[in-house]
Amino acid sequence: MQCYPTASPRRYGLPQVFPTSRLQLLSDPNNYTLSFLLQCPTKMPYDFKGKKVLVTGGSRGLGEYICVKFAKEGCNVAINYVSSVDRANAVAEKVEDHGVRACLIQGDMGIEADVKRTVETAIEILGGLDIIISNAGYTRFSKFDDLSAATVDDWQTTYAVNVLAQRHLLFQALPIFNSNPHGGVMIMSSSIAGIKTSGSSMPYSVTKAAQLHLMKCLAATQGPKVRVNAVLPGLLLTEWGLRYPQERIDQVTEAALLKKATDLDDCAQAFVDIARNTSMTGQSVVVDSGLSAA
Ligand SMILES: NC(=O)c1ccc[n+]([C@@H]2O[C@H](COP(=O)([O-])OP(=O)(O)OC[C@H]3O[C@@H](n4cnc5c(N)ncnc54)[C@H](OP(=O)(O)O)[C@@H]3O)[C@@H](O)[C@H]2O)c1
């Protein structure tokens, strides 16, 4: 039998300490609710109310959707951006419309000192940290099959943002995650480019693959109070996705099993659903309209 969290004795105003034996209660025809409760394991749901969330790259695109989703759930949100302060401000207003706190933190996720300061500032302003959505990513669009198209500098910058930043973010957050009663959650914005030999550039595809392996390594090594997972979107029609020529967008859309680009709202919802799921770690969740399955 499935037991839902709302069926807790406290919710029903029932006593926490039962005065009679389980057998007596189960045989009492008037004690249906209690007998049902006694047969079910109880579980407290992961409560988002008042949780503190840091979203990197939260000023637009997928990050903006994620900020607003968590705000709707009652979370306070630290919005990281690198250069678009006005865009970040507009997202903060949307977050605050849900009656929660928002703060802006400028910082380049490709620079270790900025990552450190971003996490420290989020903890200081929000008064703690429960969830990190590591959404900022980097690519320089270049011809995938041309080894001279991406420079060594491109490889290094892409690696810094897509891989190293994940390590730095969790490293900074670990002490507070371990001290939180409910631990901490980290969810990375990955990409199906990390599981396919295609994407906006070869450095992007390779570093998104490395990011996924790092995600599993972090989940495997950083203890039971830390959940680390990744969402792998397909084509998102953000400013990033719209840098592809229309012909390429049409090709990708046609190739997807669902004949559409990845819906931004659906993709952002996956982050909320994973954060809520207390039994999931080390996992990659693909949200791509069936593009990678085609
Ligand atoms: N778009 C797609 O088709 C697609 C597909 C699969 C996966 N993804 C992944 O989804 C994530 C978000 O992509 P998106 O499409 O939403 O991108 P986007 O629309 O270009 O937005 C990028 C966001 O990241 C911020 N940002 C960029 N570089 C940063 C840095 N070094 N440090 C901190 N913040 C930085 C930007 O801040 P500013 O506004 O200040 O510049 C902005 O908030 C990325 O990780 C990307 O790899 C995207």
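Reader: How many bridges join strand β1 to β2?
Author: This is a predicted model, in which local features need pLDDT of at least 70, side-chain atom pairs count only at pLDDT 80 or more, and totals for chains, interfaces and linings use all residues. Residues are numbered from 1 along each chain as its sequence is written. Strands (DSSP runs of E, at least two residues) and helices (H or I, at least four) are numbered from the N terminus. Strand β1 (residues 52-55) and β2 run parallel, and the bridges that join them number four.

Reader: Which residue in β2 is the bridge partner of K52?
Author: Strand β2 covers residues 76-81. Within β2, K52 has as its bridge partner N76.

Reader: Which strands stand at the edges of the sheet?
Author: The open sheet has seven strands in the order β3-β2-β1-β4-β5-β6-β7, with parallel pairing (two strands pair if DSSP finds at least two bridges between them). Each edge strand has a single partner, so one of its sides is left without a neighbour in the sheet. The strands in this position are β3 (102-106) and β7 (284-287).

Reader: Is C75 buried or exposed?
Author: C75 is found in the loop between α3 and β2. A residue counts as buried if 20 or more other C-beta atoms, placed from the backbone, lie within 10 Å of its own, and as exposed if 12 or fewer do. Because C75 has 25 C-beta neighbours inside 10 Å, it is classed as buried.

Reader: Which residues is C75 in contact with, leaving aside its neighbours within four places in sequence?
Author: Contact requires C-beta atoms, placed from the backbone, to lie within 7 Å of each other. With those sequence neighbours left aside, the contacts of C75 are F48, K51, K52, V53, F70 and V100.

Reader: At what angle do helix α5 and helix α6 pack?
Author: Two packed helices are described by the angle between their axes and the distance between the axes. Axes are lines fitted to C-alpha atoms, for helices over the stretch in contact, and angles run from 0 to 180 degrees between N-to-C directions. In α5, E112, V115, K116, V119, E120 and I123 meet A165, H168, L169, Q172, A173 and I176 in α6. The axes of α5 (residues 112-126) and α6 (residues 152-179) are 9 Å apart, and the angle is about 35°.

Reader: At what angle does helix α7 run to β6?
Author: Helix α6 lies across β4 (131-134), β5 (184-189) and β6 (226-233), and runs at about 165° to β5. Helix α7 (residues 202-221) lies across β5, β6 and β7, and its angle to β6 is about 160°.

Notes. Contact = placed C-beta atoms within 7 Å.
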